[in-house]
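Dear colleague,

Please find below the structure that I am handing over to you.

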Amino acid sequence: MASFDVRFLGCKVSHLDAQDVRARLLADGHTERAHGEVTVVNTCCVTHEALSKSRQAAARAARTHRRVYVTGCAANLGGGALDGLPDNVVVVSRRSEETPAAVAADVGALGCVNDDARLERVRAFVKIQDGCSFSCNFCVIPLVRGGTRSRTADAVLREIRRRVDQGHSEIVLTGINLGCFRDREAGYTLARLVRAAGETPGLARLLLSSIEINHVDRELVAALRETPNVARHLHVPLQSGDDGVLRAMGRRYTVATYLRRLEELTDFNLTADVIVGFPTEHERAFANTLRVVREARLTKLHVFPYSPRPGTKTAAEDPVSAHEKRDRSARLREQSRVACLDHWRSKLGRDDVVLVDRPGRGYGDDYSPWLVGGEVGQLVHARAAAVTDDGIVAA
Ligand code: SF4
């Protein structure tokens, strides 16, 4: 039997992939322990910084563990990205579906001891698809994760029921490009899956991890609205608020489309990813992004300074200075901070239903953060009394 620990860098999908490896090792009878004999580092390569942090994490782990398995996006990047790591580092360059078995085979199975490990207390991420076939000009994800492919609706719905039976009150449908989910044989789109998932007995809250604006259509909006336990929150990557930059990025929408499709969601809390310092982003283009973020009523932004990724169409371009990128990131983050506070203040004196996900904290119906009492895992009724930088304070 081996003792192990698992860590991840990057997004929710990376988190989920790491959890899949963890669940498989637990199922094989290994023991999870901080600073175990072996460790798994599920990596990210979406930016240059993410890749170098992944490398550092693997190198550091190699000093304190007998063996290190490096999995995930950076492990599939190729081009020598992880060359030169110590001898006890094993780079597992496999698709996410194959990675848990590949790691488990190397660690050595002890027989099926616990085949259904509960992973988090309140929230469970359920992967519904992986990969992306959109090929945005800056993005390395299709190269390292492959084209889009979906799980069957039946497998997804069974996993949701299992997670809810284990005590998870919140399910986050997760993937790289969720709107590409299809189960053609069973006749499921994402909208139908949302409706079916929402009917799971005991499920308090259902969320989508992220959705491309192209997929925010009538059918999906109706499913979100008509499924009572769906959170009034959507994370819709913007990337830029300038049509010229969007074209150069190879995104498949204009600013007008982005704004129009969100018009029907005025009561939703809308969040987004934005890239700053893309090669064609001059100051006027960046000002357009600040304007569109306001017009779209976006609150929380994940701001990524552009960095060229190997193998992508824009790999050789990076004319915006690091100083400029830092400055634009700071301006956008400040605008996001103020937008969050404004959004939370608009709730003062009003009631909400908050799902407590850790002691003293939880999320309201539109996924705004609350500072609230109550038992972890419970839905509590709360009235907004004040606002701090951390969220809405319950009366
Ligand atoms: S939609 Fe574009 S940015 Fe998102 S994963 Fe696919 S290629 Fe990358």
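This is a predicted model: local features need pLDDT of at least 70, side-chain atom pairs count only at pLDDT 80 or more; totals for chains, interfaces and linings use all residues.

Residues are numbered from 1 along each chain as its sequence is written, and side-chain values use heavy atoms, with hydrogens and water left out.

**The five-stranded sheet**

Helices (H or I, at least four residues) and strands (E, at least two) are DSSP runs, numbered from the N terminus. Two strands are said to pair if DSSP finds at least two bridges between them. An open sheet is formed by 5 strands in the order β2-β1-β3-β4-β5, with parallel pairing. Its edge strands, β2 (31-32) and β5 (89-91), each pair on one side only.

Strand β3 (residues 38-43) has 6 of its 6 residues buried, where buried means under 20% relative accessible area, exposed over 50% and partly exposed in between (1.4 Å probe, protein chains only). In a regular strand the side chains alternate between the two faces of the sheet. Both faces of β3 are covered, with Val38, Val40 and Asn42 buried on one side and Thr39, Val41 and Thr43 buried on the other.

On the β1 side, strand β1 (residues 3-8) pairs with β3 in the parallel sense over 5 bridges, and Val6 stands opposite Val40 in β3. Towards β4 (residues 67-72), 6 bridges join the strand to β3, and the two run parallel. Val40 has Tyr69 as its bridge partner in β4, Val41 stands opposite Val70, and Thr43 is partnered by Gly72. Strand β4 is itself mostly covered, with 5 of its 6 residues buried.

Helix α1 lies across β1, β2 and β3 and runs at about 170° to β1. Axes here are lines fitted to C-alpha atoms, for helices over the stretch in contact, and angles run from 0 to 180 degrees between N-to-C directions.

**The three-stranded sheet**

A further open sheet has 3 strands in the order β6-β9-β12, with parallel pairing. Strands β6 (123-127) and β12 (205-208) stand at the edges with a single partner strand each, so one side of each is left without a neighbour in the sheet. The twist averages 25° from one strand to the next. Strands β6 and β9 (residues 170-174) run parallel and are joined by 5 bridges, with Lys127 standing opposite Thr174 in β9. Helix α1 (residues 12-27) packs on this sheet, touching β6 and β9, and its direction makes about 90° with that of β6. Helix α5 (residues 153-165) also touches β6 and β9, but its direction makes about 165° with that of β6. Contact means heavy atoms within 4.5 Å.

**Helices α6 and α7**

The axes of α6 (residues 190-198) and α7 (residues 218-226) come within 8 Å and cross at roughly 10°. That makes α6 roughly parallel to α7, since angles under 35 degrees count as roughly parallel, over 145 as roughly antiparallel, 65 to 115 as roughly perpendicular and the rest as oblique. Leu190, Ala191, Val194 and Arg195 in α6 meet Glu219, Leu220, Ala222, Ala223, Leu224 and Glu226 in α7. The residues of this contact divide into 7 nonpolar, no polar and 3 charged. Here Ala, Val, Leu, Ile, Met, Phe, Trp, Tyr, Cys and Pro count as nonpolar, Asp, Glu, Lys and Arg as charged, and the others, Gly among them, as polar.

**Individual residues**

Arg261 is in helix α9 (residues 255-262) and is partly exposed, with a relative accessible area of 26%. Leaving aside neighbours within four places in sequence, Arg261 is in contact with Ile213, Asn214, His215, Val216 and Asp217.

Most residues other than glycine have a negative phi. Arg297, in the loop between α10 (283-295) and β15 (298-305), has a positive phi of about 60° and is partly exposed at 35% relative accessibility. Tyr367, in the loop between β17 (361-363) and β18 (369-371), has a positive phi of about 70° and counts as buried at 18%.

Yours sincerely
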